[in-house]
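Trainee: I am new to this structure and would like to learn how to read its features. Please show it to me, and then take one residue to start with.

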Amino acid sequence: VGNTIMVTFGLNTNGQLFTGNLNNVNSLNNRNISQLYLNNQKIKKVHCEAHHVMLETEDNEFYGSGHNSYGQLGLGTSISPISTLSHVQKTGGLVNETISAVSLAQYFSLFLTTTGKVYGAGINVKGQLMTGQSTEHSFVQIYQNVFTEDIIKI
């Protein structure tokens, strides 16, 4: 149970390889991450963007690492970089929701729930999160009253 070996290598200047440091990794780095970071949960999917990564477990929990200057990891903070896997902190209306999908962009992330709601975290200076404001957010519901149909994929 929970025996997930992950191989990571490459650019790590933002901690996106969750090694605990910012050193680039130029050889295969095998680690049992389920025991180290995920409380023995199994990984269902890996979501990657150039500067941050999110792991999705079979229990629909999310863990992120990497660039987080705008709060795009959904950790409730904009401390950056994050070089170890950190549990996504569901806040606001997302607390009672189950995340079914995630999509990562350079400075923001989108989260789709099983009820068809979309939440965003991260930069919003150009309206990326469609909130009508230009401030950064850690989990704000977006696309409210925009679509008449449920969103099923992001």
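Mentor: Start with N60, which is partly exposed because its relative accessibility is 22%; buried means under 20% relative accessible area, exposed over 50%, and partly exposed in between (1.4 Å probe, protein chains only). The model is predicted, so local features need pLDDT of at least 70 and side-chain atom pairs pLDDT 80 or more, while totals for chains, interfaces and linings use all residues. Residues are numbered from 1 along each chain as its sequence is written, and side-chain values use heavy atoms, without hydrogens and water.

Trainee: Where is N60 found, and what is its phi?

Mentor: N60 is in the loop between β4 and β5. As a rule, most residues other than glycine have a negative phi, and most peptide bonds are trans. N60 is not a glycine, yet its phi is positive, about 60 degrees. F18 also has a positive phi, about 45 degrees, without being a glycine. F18 is found in the loop between β1 and β2 (25-32), and it counts as buried because its relative accessible area is 2%.

Trainee: Which peptide bond is cis?

Mentor: The bond from S80 to P81 is cis, with omega near 0 degrees. P81 has its place in the loop between β5 (62-66) and β6.

Trainee: How many helices and strands does the protein chain have?

Mentor: The protein chain has 1 helix and 10 strands. Both are DSSP runs numbered from the N terminus: helices are H or I with at least four residues, strands E with at least two. From the N terminus on, the order is β-β-α-β-β-β-β-β-β-β-β. Of the 154 residues in the protein chain, 45% are buried.

Trainee: How many salt bridges does the structure hold?

Mentor: Side chains of opposite charge can pair when their charged atoms come close. A salt bridge needs a side-chain nitrogen of Lys or Arg within 4 Å of a carboxyl oxygen of Asp or Glu, and the structure holds 2 of them. One joins E56 to K44, with the closest N and O atoms 3.3 Å apart. This pair links distant parts of the chain, 12 residues apart: E56 lies in strand β4 (residues 52-57) and K44 in strand β3 (residues 43-48). E56 is buried, at 1% relative accessibility, whereas K44 is partly exposed, at 42%.

Trainee: Which side chains meet at 3.2 Å, N to O?

Mentor: Those of E97 and K117, in a salt bridge. With 9% relative accessibility E97 is buried, while K117 is partly exposed at 33%.

Trainee: Which residues line the largest cavity?

Mentor: On a 1 Å grid over the protein atoms alone, a cavity is a set of points where a 1.4 Å probe fits but cannot get out, and lining residues have an atom within 4 Å of a point. N60 returns here, together with E61, F62, H87, V88, K90 and I99. The lining has 3 nonpolar, 2 polar and 2 charged residues; Ala, Val, Leu, Ile, Met, Phe, Trp, Tyr, Cys and Pro count as nonpolar, Asp, Glu, Lys and Arg as charged, and the others, Gly among them, as polar.

How values were computed:
1 Å grid on protein atoms, 1.4 Å probe; cavity = no way out; pocket = protein on both sides within 12 Å on 5 of 7 lines; lining within 4 Å.
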